[in-house]
Amino acid sequence: MMRALVACGWFGIQAWIGGEALNTSFRTILPGWPTLLGAGFGGHTTTEWLSFLLFWSLNIYIIYRGMDLLRAVENWAAPFVLVMTTALLWWAVTNAHGLGPLLSQPGKFHSFGEFLPVFIPSLTAMIGYWATLSLNMPDFTRFGRSQREQMLGQVVALPTTMSLFAAME
């Protein structure tokens, strides 16, 4: 029951973030998008709510269609995310004129007192993130054909891809 409640909360958060991504895309394509349907309510424009509902509806449709459609979406979504992250990294490095300007930036914290208030919440967030992965490990390993496959996935693939994505961000 606890996992279901947490999943419902995360579904709402992810749907809102996905809706924001759609809204940003629509704003880029249609400059008048934010004011297209009026002022809105609840501190958000009507088009923001529409983007949220569109993303939410797409998720509900996939869930309604079942695990086979979800597996099909997963099979192309994971490579798509990797390709898009690589493209964004390339774009950022190109616009920064190489890695040199990015890596030679001075630190923003000049003392331990400035660093600590940012470090503690960040560490807590990362522990929470990895705790979620630990809780859901059976979801990741259930299709493994052997204990060796599961172990390789957890010991080699997961830390490698997490480190790669962290470096790309």
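Buried means under 20% relative accessible area, exposed means over 50%, and partly exposed is what lies in between (1.4 Å probe, protein chains only). Welcome to a short tour of a predicted model, in which local features need pLDDT of at least 70, side-chain atom pairs count only at pLDDT 80 or more, and totals for chains, interfaces and linings use all residues. Residues are numbered from 1 along each chain as its sequence is written, and side-chain values use heavy atoms, with hydrogens and water left out.

- Helices here are DSSP runs (H or I, at least four residues; strands are E, at least two), numbered from the N terminus.
- Helix α1 covers residues 2-29, and its 28 residues should span 40 Å at 1.5 Å a residue; the end C-alpha atoms are 41 Å apart, which agrees. The expected span is 1.5 Å times one less than the number of residues.
- Ala15, Gly18, Gly19 and Asn23 are the buried residues to look for in α1, and α2 is part of what covers the buried residues of this helix.
- Asparagine 23 belongs to helix α1 and has a relative accessible area of 2%, so it is buried.
- Contact means heavy atoms within 4.5 Å. Setting aside neighbours within four places in sequence, asparagine 23 is in contact with Trp33, Thr47, Glu48 and Ser51.

**Helix α2 and serine 51**

- In α2, the buried residues are Thr47, Glu48, Ser51, Phe52 and Ile62. They cover an arc of only 155° around the axis, so they sit on the same side of α2. That arc is taken from the directions from the helix axis to the C-beta atoms.
- Both α1 and α3 are included in what covers the buried residues of α2.
- Serine 51 is found in helix α2, which takes in residues 46-65. Its relative accessibility is 0%, so serine 51 counts as buried.
- Apart from neighbours within four places in sequence, serine 51 is in contact with Gly19, Leu22, Asn23, Phe26 and Trp33.
- After α2 comes glycine 66, with a positive phi near 105°.

**Helix α3 and what follows**

- Helix α3 takes in residues 67-95; at 1.5 Å a residue its 29 residues should span 42 Å, and the end C-alpha atoms are 41 Å apart, which agrees.
- Val73, Thr85 and Val93 are buried in α3.
- Threonine 86 is also a residue of helix α3, and its 37% relative accessibility makes it partly exposed.
- Threonine 86 and phenylalanine 165 are 79 residues apart along the chain, yet their C-alpha atoms are separated by 9.1 Å.
- Histidine 97 follows α3 and lies in the loop between α3 and α4 (99-103).
- Although histidine 97 is not a glycine, its phi is positive, at about 60°. With a relative accessible area of 70%, histidine 97 is exposed.

**Surface features**

- A nonpolar patch on the surface is formed by Phe109, Phe112, Phe115, Leu116, Val118, Phe119, Ile120, Leu123 and Ile127, which together have about 800 Å² of accessible area.
- Patches are made of residues with over 30% relative accessible area and no salt bridge; like charges are joined within 9 Å, and nonpolar side chains (Val, Leu, Ile, Met, Phe, Trp, Tyr) within 5 Å. Accessible areas come from the Shrake-Rupley method with a 1.4 Å probe, and for residues only the protein chains shown count as cover.
- Phenylalanine 112 lies in helix α5 (residues 112-135) and is exposed, with a relative accessible area of 58%.
- The structure holds 1 salt bridge, a term for a side-chain nitrogen of Lys or Arg within 4 Å of a carboxyl oxygen of Asp or Glu.
- Arginine 145 and glutamate 149 form a salt bridge through their side chains, at 2.9 Å from N to O. Glutamate 149 is partly exposed, at 31% relative accessibility.
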